[in-house]
Amino acid sequence: MTVRTRLLQQVFRSLRQATSRVESVSKAALEHPTVTLVACAPQQSKRMPWSCLGYGFAAASLVTVASPLEASCSPAVAAPQTAGVDLSNAGMTAGKAKLQVIFVLGGPGSGKGTQCAKLVQEFGLLHLSAGDLLRAHMKSGTPDGNMVAEMIKQGQIVPSRVTISLLEEAMLKGGKQQVLIDGFPRNEENRAAFEAQTGIEPEFVLFFNCPEAVMEKRLLGRQEGRTDDNIETIRKRFKVFMESSMPIINFYDAKGRVRKIDADRDPEDVYADVRPLVEALQSFAV
Ligand SMILES: Nc1ncnc2c1ncn2[C@@H]1O[C@H](COP(=O)(O)OP(=O)(O)OP(=O)(O)O)[C@@H](O)[C@H]1O
Ligand SMILES: Nc1ccn([C@@H]2O[C@H](COP(=O)(O)O)[C@@H](O)[C@H]2O)c(=O)n1
């Protein structure tokens, strides 16, 4: 037998195995039609138990490759071996990896996005910026999108139902075990709603501490065409940060979960403090 034939046989064997996995996931899912999984539209994911989304993620990724099948499942369905990520802390199941979430907080312009980009480059985690998701949503032209556009321009915090739906959808799509959630939770409403809805508690909170004067200078120098990078809105955002977001950092600090970073340094120096914190988490990843 030639090397080429042997290779072809291996490819066919792998394809057969993958197909049978898709069939068993889909079959189990279709037999328990209590929760829609693949249709992870924001309105639906709002009511979706996250213990189920772990199966949904696995089913969705397999189904995406195989066919545009719509699958359903109940949390009682035994997790298939292929289920890689359990998106619920509460609903952890043996054999499935636990979702690890890091909240990334800090004032506007403290360098959250810059540091997250470095972490993604080195560790390949999923980076979800609440602000980026909202900015994309405001282009939808829907009533919600228009409301988001106006609130961002005013430096106000968008209602949690909108932001959490976008985060849930993106987490499911991203399909990674380790997630950086940047710029969220911004207030008590964000925090409580996210916890109640997903059962997820962060591994820790990265807090980028930076003086306002430094942040102001950085934001005024940022040339990204953002509607909120003007001095009037920047001042409003600073006020909202102090009044609504600092209490969230204090909340997690009281639980011993905050890792405070001096962000008023060169990006590389900041990163030198950030990377070991995330590197330490890597050893727990499955
Ligand atoms: N350590 C740093 N030193 C100097 N400039 C920085 C540093 N970190 C980021 N910047 C610059 O400051 C600006 C804001 O950074 P970045 O977008 O990362 O902040 P952010 O906290 O994500 O802001 P926002 O909350 O407004 O989205 C960018 O132009 C970025 O290039
Ligand atoms: N949880 C959040 C996050 C952001 N917003 C709105 O988006 C604006 C920009 O956010 P950045 O993180 O990119 O600075 C912010 O000022 C809010 O208007 C939000 O409402 N909720």
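Student: Where is G111 placed, between which elements?
Tutor: Happy to look at that in this predicted model, where local features need pLDDT of at least 70, side-chain atom pairs count only at pLDDT 80 or more, and totals for chains, interfaces and linings use all residues. Residues are numbered from 1 along each chain as its sequence is written. Helices (H or I, at least four residues) and strands (E, at least two) are DSSP runs, numbered from the N terminus. G111 sits in the loop between β5 (100–106) and α4.

Student: Is G111 buried or exposed?
Tutor: A residue is buried if 20 or more other C-beta atoms, placed from the backbone, lie within 10 Å of its own, exposed if 12 or fewer, and partly exposed in between. G111 has 24 C-beta neighbours inside 10 Å, so G111 is buried.

Student: Which element gives the largest share of the shell around ligand 1?
Tutor: The shell has 15 residues, with G111, K112, G113, T114 and R218 the closest; near means a C-beta atom, placed from the backbone, within 6 Å. Two or more residues come from each of α4 (112–123) and α11 (267–282). The largest share, 3 residues, is from α4.

Student: How do the axes of α5 and α7 cross, and why is α5 roughly perpendicular to α7?
Tutor: Axes are lines fitted to C-alpha atoms, for helices over the stretch in contact, with angles from 0 to 180 degrees between N-to-C directions. Those of α5 (residues 130–137) and α7 (residues 160–174) come within 10 Å and cross at roughly 105 degrees. Angles under 35 degrees count as roughly parallel, over 145 as roughly antiparallel, 65 to 115 as roughly perpendicular and the rest as oblique, so α5 is to α7 roughly perpendicular.

Methods
Chains lettered and ligands numbered in written order.
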